[in-house]
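I opened this notebook to record what I looked up in the structure, one topic at a time. The entries go from strands to a helix, then to the cores and the charged pairs.

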Amino acid sequence: MVRSTLSAAEARRVTLAAQGFGAPARDVVGTRTLTSTIGRLGLLQIDSVNVFERSHYLPLFARLGSYDKTVLDRLTMRRSGPYAEYWAHEAAFLARADLPLFRWRMDAYRDRDARPNRLAGVERTADVRRELRALLAAEGPLPASAVEHEANVRRGPWWGWSDVKAGLEQMFRWGEVVSAGRAGFERVYALPDQVLPPGTLEGAPDRHTAVTELVRRAARASGVGTRADLADYFRLRADDTTAAIAELEERGEVVPVRVEGWSDRAWMHVDARVPRHVTADAVLSPFDPVVWFRRRAERMYDFHYRIEIYTPAPKRVFGYYVLPVLQDDRLTGRVDLKSDRQRGVLRVRTAWQEPGEHLDAERLAETLRRAAAWQGLDGVEVTDRGTAATAVAAALGVALVPHEAADDADAAPGDDAVA
């Protein structure tokens, strides 16, 4: 039965079901389950911060529980794997076969980089890009570090991009080079014909066709969303998204709905379920689709969320790398986690209950135990900071430990890897 209205709670459950929450637990999570879950999401956003675990591993853990990360690495990091990288939301892993859906974006980036305010940077790297094309043609796929040399200098507060790196990133945006897996966590670049079937990008659909398909996928992955929600999923323009929604509505693939408490119109995918209940226990990456569009997270869950890794330590409110706590269809708290591999413990550096929510400390404790085991850690340690710290420590059966000044120290995102 097609719905025309949803309560706020129903909208949350529609979204979480569409995102793969609430499914029965699996004893073994293998390649087929990982690929089907990535297919449901459409992409895995990449981030180099590794204080707890790199971001792209976390959405799968949140939905599936423990799995072997080396299986995901074989899918995403190998030159011959089924996944590639592109700016699909931010930098993200996506099915290699989906790259043609972003050919129009590659062209748009090239047009943008030709504007007067950006042209100088493009002209500066012209010679380098010619050399890089020749080098990749002669030697095959390479990471930036394999061609950088001692003349390159570090720039900026977090990491330095030499002309080599800048040139490769320009070519990557334009589709002149594509990803060929990763070495460690450093992207490997290749000419398209070295890793893609002949004519893959040349045979791409036009912009309108591609954007309509991306909006269709965003609607399916979101379950229900406003125009802004559907546009943000693949970072699309509002006008393009409006045209795509109109076409999808005409085709009967999305239906307009009114959601309690939402001021904007919304659309629900025709195949979306409205479950009576969703059982979920997870900590979410800051870049999980459930929360990556902060305005949507605030509207759906009354959850104001800002990642604080770039905030100076004295101004942080909740901690350095804070993950939202999902319990059933509510975001009930947040925890700042660190995998302390030297000591073999998962450190809960802060734990907070959301105002007006009930954080079930026993359920969170079990989630944290599973996270520690998945990380190969022997236990969980809780510091004495945050409104939920005492309850979480009690549920874990551990004593609170003093919060350390080092937990508030500034760090440099990305210093541990090359994105």
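**Strands and pairing**

I began with β9 and strand β10 (residues 266-269), which pair in the antiparallel sense over four bridges. I took helices (H or I, at least four residues) and strands (E, at least two) as DSSP runs, numbered from the N terminus, and I let two strands count as paired if DSSP finds at least two bridges between them. Before going further I noted that this is a predicted model, in which local features need pLDDT of at least 70, side-chain atom pairs count only at pLDDT 80 or more, and totals for chains, interfaces and linings use all residues. Residues are numbered from 1 along each chain as its sequence is written, and side-chain values use heavy atoms, with hydrogens and water left out.

Within that pairing I found Pro256 opposite Trp267 in β10. The two strands, β9 and β10, form a hairpin with six residues between them, and in the turn Gly261 has a positive phi of about 85°. I then looked for a further partner of β9 (residues 254-259) and found strand β1 (residues 5-6), paired with β9 in the parallel sense over two bridges; here Leu6 has Val259 as its bridge partner.

Next I looked up an open sheet of three strands, with the order β5-β7-β6 and antiparallel pairing. Its edge strands are β5 (142-143) and β6 (178-183), each of which pairs on one side only. Two bridges join β5 to β7 (residues 186-190), and Pro143 has Val188 in β7 as its bridge partner.

**Confidence**

I checked pLDDT, the predictor's confidence in each residue from 0 to 100, and found that the chain averages 92, with 94% of the residues scoring at least 70. Over residues 152-160 the pLDDT stays under 50, and the model has 16 contacts for them beyond four places in sequence, where contact means heavy atoms within 4.5 Å. Residues 412-419 also have pLDDT below 50, with 26 contacts in the model beyond near neighbours in sequence.

**Helix α8**

How far apart are the end C-alpha atoms of helix α8? They are 16 Å apart, which agrees with the 16 Å that the 12 residues of α8 (residues 163-174) should span at 1.5 Å a residue, the expected span being 1.5 Å times one less than the number of residues.

I then asked how many residues of α8 are buried, using under 20% relative accessible area for buried, over 50% for exposed and partly exposed in between (1.4 Å probe, protein chains only). The count is 11 of the 12, so α8 is largely enclosed by the rest of the structure. Among the buried residues I noted Lys165, Glu169, Arg173 and Trp174. What covers them includes β3 (83-87), α5 (103-113), α6 (116-124), α7 (126-139), β6 and β7. After α8 comes Gly175, with a positive phi near 85°.

**Nonpolar cores**

For cores I used sets of buried Ala, Val, Leu, Ile, Met, Phe, Trp, Tyr and Cys residues joined through side-chain atoms within 4.5 Å. The largest has 102 residues, and those touching the most other members include Leu34, Phe234, Tyr321 and Leu346. Leaving out residues up to four places away in sequence, I found that Leu346 touches residues including Phe52, Leu337, Leu368, Ala371 and Val380. Apart from this core lies another of 26 residues, among them Ala11, Leu16, Val291 and Leu326.

**Salt bridges**

A search of the whole structure gave 38 salt bridges, each a side-chain nitrogen of Lys or Arg within 4 Å of a carboxyl oxygen of Asp or Glu. In one of them, Asp229 and Arg299 have their closest N and O atoms 2.9 Å apart. This pair links distant parts of the chain, 70 residues apart, with Asp229 in helix α11 (residues 227-233) and Arg299 in helix α13 (residues 294-301). Asp229 counts as buried at 3% relative accessibility, whereas Arg299 is partly exposed at 26%.

I also recorded Arg118 with Asp113, at 2.8 Å from N to O; Arg118 is partly exposed at 32% relative accessibility, and Asp113 is buried at 2%. In the salt bridge of Arg251 and Glu247, at 2.9 Å from N to O, Arg251 is partly exposed at 45% and Glu247 is partly exposed at 27%.
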